Structures are given as C-alpha cells and as structure tokens.
Amino acid sequence: MDPVTRLELVRAISSAFGSTSVSSTQLIEAARTAHARKEVLETLSQVDPDDSFRTVRDLWTVFPEMPVDV
C-alpha cells in the first residue's frame, strides 16, 4: 500500500477551499467527491473535528511527516 502524499491529498481536497475556512467534515466530503482512495479518507478522519483550515498548507501542521510525493 502506497502512503498518502501531500500531492495526493491536495488533489483530493482542493475543491473544498474557497473564501472561508473548511472543516474536517468538508475535507472528507471533498475527498469522497473526488473519488479519493480509502487511505486518503482514513487520513482525513484523523483530523480533529473542531479544527478548521483556511488553506491546504494549514493541514501540514496536522500531518508534518506526510511525504510530498513518492
């Protein structure tokens, strides 16, 4: 199984971002809509439901060790 990378995560959730912050629930929904693989959804389920994010880069504080690409 290949690890989830930052590039894969960005592809799966980029549609969620706009002019307002997004929740972990919105990120998961965006990933589902993008037909992200199960591992991406599982990774996003680790995000605290009370956290919100204004940009994709904000997620790197949650996943600092996530590789950029494989």
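The following legends describe close-up views of a predicted model. In this model, local features need pLDDT of at least 70 and side-chain atom pairs count only at pLDDT 80 or more, while totals for chains, interfaces and linings use all residues. Residues are numbered from 1 along each chain as its sequence is written, and side-chain values use heavy atoms, with hydrogens and water left out.

**View 1. The buried side of helix α1.** Helix α1 spans residues 6-13; helices (H or I, at least four residues) and strands (E, at least two) are DSSP runs, numbered from the N terminus. Its buried residues are Arg6, Glu8, Leu9, Ala12 and Ile13, where buried means under 20% relative accessible area, exposed over 50% and partly exposed in between (1.4 Å probe, protein chains only). These residues lie on the same side of α1 because they cover an arc of only 160° around the axis; the arc is that of the directions from the helix axis to the C-beta atoms. Their cover includes α2 (24-33) and α3 (38-44), with contact meaning heavy atoms within 4.5 Å.

View 2. Arg6 is located in helix α1. Arg6 is buried but has no salt bridge, and the nearest side chain of opposite charge, Glu65, is 7.6 Å away. Here Lys and Arg count as positive and Asp and Glu as negative, whereas His and the chain ends are not counted. A salt bridge is a side-chain nitrogen of Lys or Arg within 4 Å of a carboxyl oxygen of Asp or Glu. The Arg6 side chain does reach the backbone oxygen of Met66, at 3.2 Å. Not counting residues up to four places away in sequence, Arg6 touches Trp60, Phe63, Pro64, Met66, Pro67 and Val68.

View 3. Pro67 belongs to the segment after β2 (52-53) and is partly exposed, with a relative accessible area of 31%. Leaving aside neighbours within four places in sequence, Pro67 contacts Val4, Thr5 and Arg6. The C-alpha atoms of Pro67 and Thr5 are 5.1 Å apart, although 62 residues separate the two along the chain.

**View 4. The salt bridges of Arg37.** Side chains of opposite charge can pair when their charged atoms come close. Two salt bridges are found in a search of the whole structure. Arg37 lies in the loop between α2 and α3 and Glu8 in helix α1, so this pair ties together parts that are 29 residues apart in sequence. The side chains of Arg37 and Glu8 meet at 2.5 Å, N to O. Arg37 also bridges to Glu39, with the closest N and O atoms 3.2 Å apart. Arg37 is partly exposed at 26% relative accessible area, whereas Glu8 is buried at 18% and Glu39 is buried at 16%.

**View 5. Ala31 in helix α2.** Ala31 is part of helix α2 and is buried, with 0% relative accessibility. Apart from residues up to four places away in sequence, Ala31 touches Ala12, Ile13, Ala36, Val40, Leu41 and Leu44. The C-alpha atoms of Ala31 and Arg57 are separated by 16 Å, and the two residues are 26 apart along the chain.

**View 6. His35 in the loop between α2 and α3.** His35 lies in this loop and is exposed, at 70% relative accessibility. The phi angle of His35 is positive, about 60°, although the residue is not a glycine.

Technical notes
A polar contact is a pair of N or O atoms within 3.5 Å; within protein, one must be able to donate a hydrogen and the other to accept it, and residues adjacent in sequence count only if both atoms are side-chain atoms.
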